[in-house]
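Hi there,

Here is the structure I promised to send over.

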Amino acid sequence: MTKALTLTENRPKQNLTFKVCWRQTAPPEMTAMIMESFIEKCVIYPQYISLYLQGLQEIYGTFPTFSKDVITCVDECYQTIITSEINETSEYLTFCAKNKRLDKLIGHSLLITECEKIGYVTNRVHPSLTHLLEIIHTSESDEESYKCVQCVYEILKSLYGDNKLPSEYATKLRDMIQ
């Protein structure tokens with residue numbers, strides 16, 4: 001099933017549909033597993049977050065606890081990311097594992113932004129932005145900082161468009177530049 005949920009660049013977005021034939025009769029464990037798979041895909045492939053969330057909405061949007069269930073999966077995914085231990089044997093493998101974790105944190109931050117814009121959750125984007133700004137400020141790796149800067153940029157652009165940033169973010173960003 002995971003392979004069927006993976007989107008690839010060569011498939012037109014407008015032709016993507018998500019169908020889970022047993023959605024109405026599936027046991028709750030299956031529903032949770034499908035939701036978790038969609039959320040994991042959102043984190044791994046952030047460019048398709050809106051499509052995966054749309055797919056979830058099409059499949060389970062009529063369920064009374066849909067929003068709560070989505071956010072529960074998002075929170076569990078976050079806990080999995082931050083609590084995963086890095087026990088690699090070489091410096092290179094440790095670097096790769098840390099990089100993968102950072103990519104997932106960035107994907108999660110973008111997912112939270114979409115969830116807040118849709119209305120599944122409130123007051124989650126700003127703590128996520130604060131965490132990313134902290135990583136930028138404390139990171140010794142230029143690559144890590146760059147990824148976080150890109151993520152912060154995408155989130156702020158998504159939230160505020162071409163409008164002026166709130167003073168708290170403008171001040172933090174100015175202070176980091178100096």
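In helix 5 of this predicted model, the buried residues are Ala97, Leu102, Leu105, Ile106, Gly107, His108, Ser109, Leu110, Leu111, Ile112, Thr113 and Cys115. These buried residues pack against helix 2, helix 3, helix 4, helix 6 and helix 7. Helix 5 itself has 28 residues and spans 41 Å from its first C-alpha to its last, close to the 40 Å expected at 1.5 Å a residue. Just after helix 5 comes Gly119, with a positive phi of about 105 degrees.

To put that helix in context, the protein chain has eight helices and zero strands. Buried residues account for 36% of its 178 residues. If you take the contacts between residues at least 6 apart in sequence, 66% of them join residues at least 24 apart.

Now to the core. The largest nonpolar core holds 43 residues, and those touching the most other members are Ile39, Leu53, Leu56, Val70, Leu111 and Cys115. At least two residues of this core come from each of helix 2 (28-44), helix 3 (49-60), helix 4 (66-83), helix 5 (91-118), helix 6 (125-138) and helix 7 (142-160). As a general point, nonpolar side chains in soluble globular proteins tend to be buried together.

Apart from its neighbours within four places in sequence, Leu56 is in contact with Met35, Phe38, Ile39, Gly61, Phe66 and Val70. Leu56 is one of the buried residues of helix 3, along with Ile49, Leu51, Tyr52, Leu53, Gly55, Ile59 and Tyr60. Helix 3 has 12 residues and reaches 16 Å from first C-alpha to last, close to the 16 Å expected at 1.5 Å a residue.

I also looked at the pockets. The largest pocket contains about 350 Å³ of space. Of the 19 residues that line the largest pocket, Cys77, Thr80, Ile81, Ser84 and Lys104 lie nearest its centre. Helix 2, helix 4 and helix 5 each supply at least two residues of that lining. By class, the lining of the largest pocket is made up of eight nonpolar, three polar and eight charged residues.

The second largest pocket contains about 260 Å³. Its lining consists of Phe95, Lys98, Asn99, Arg101, Leu102, Leu105, Ile135, Ser141, Glu143 and Glu144. Helix 5 gives the largest share of this lining, six residues, and both helix 5 and helix 7 supply at least two. Sorted by class, the lining of the second largest pocket has four nonpolar, two polar and four charged residues.

Is Arg101 buried or partly exposed? Arg101 counts as partly exposed because its relative accessibility is 24%, and buried would need a value under 20%. Leaving out residues up to four places away in sequence, Arg101 touches Ile81, Ser84, Glu85 and Ile86. Arg101 and Ile86 are 15 residues apart in sequence, with 9.3 Å between their C-alpha atoms.

Happy to go through any of this with you on screen.

Best wishes

How values were computed
Residues are numbered from 1 along each chain as its sequence is written. This is a predicted model: local features need pLDDT of at least 70, side-chain atom pairs count only at pLDDT 80 or more; totals for chains, interfaces and linings use all residues. Side-chain values use heavy atoms; hydrogens and water are left out. A nonpolar core is a set of buried Ala, Val, Leu, Ile, Met, Phe, Trp, Tyr and Cys residues joined through side-chain atoms within 4.5 Å. Buried means under 20% relative accessible area, exposed over 50%, partly exposed in between (1.4 Å probe, protein chains only). Helices (H or I, at least four residues) and strands (E, at least two) are DSSP runs, numbered from the N terminus. Contact means heavy atoms within 4.5 Å. On a 1 Å grid over the protein atoms alone, a cavity is a set of points where a 1.4 Å probe fits but cannot get out, and a pocket is an open set with protein on both sides within 12 Å along at least five of seven lines; lining residues have an atom within 4 Å of a point. Grid points are joined across faces, edges and corners, and a volume is the space filled by probe spheres set on the points. Ala, Val, Leu, Ile, Met, Phe, Trp, Tyr, Cys and Pro count as nonpolar, Asp, Glu, Lys and Arg as charged, and the others, Gly among them, as polar. The expected span of a helix is 1.5 Å times one less than its number of residues.
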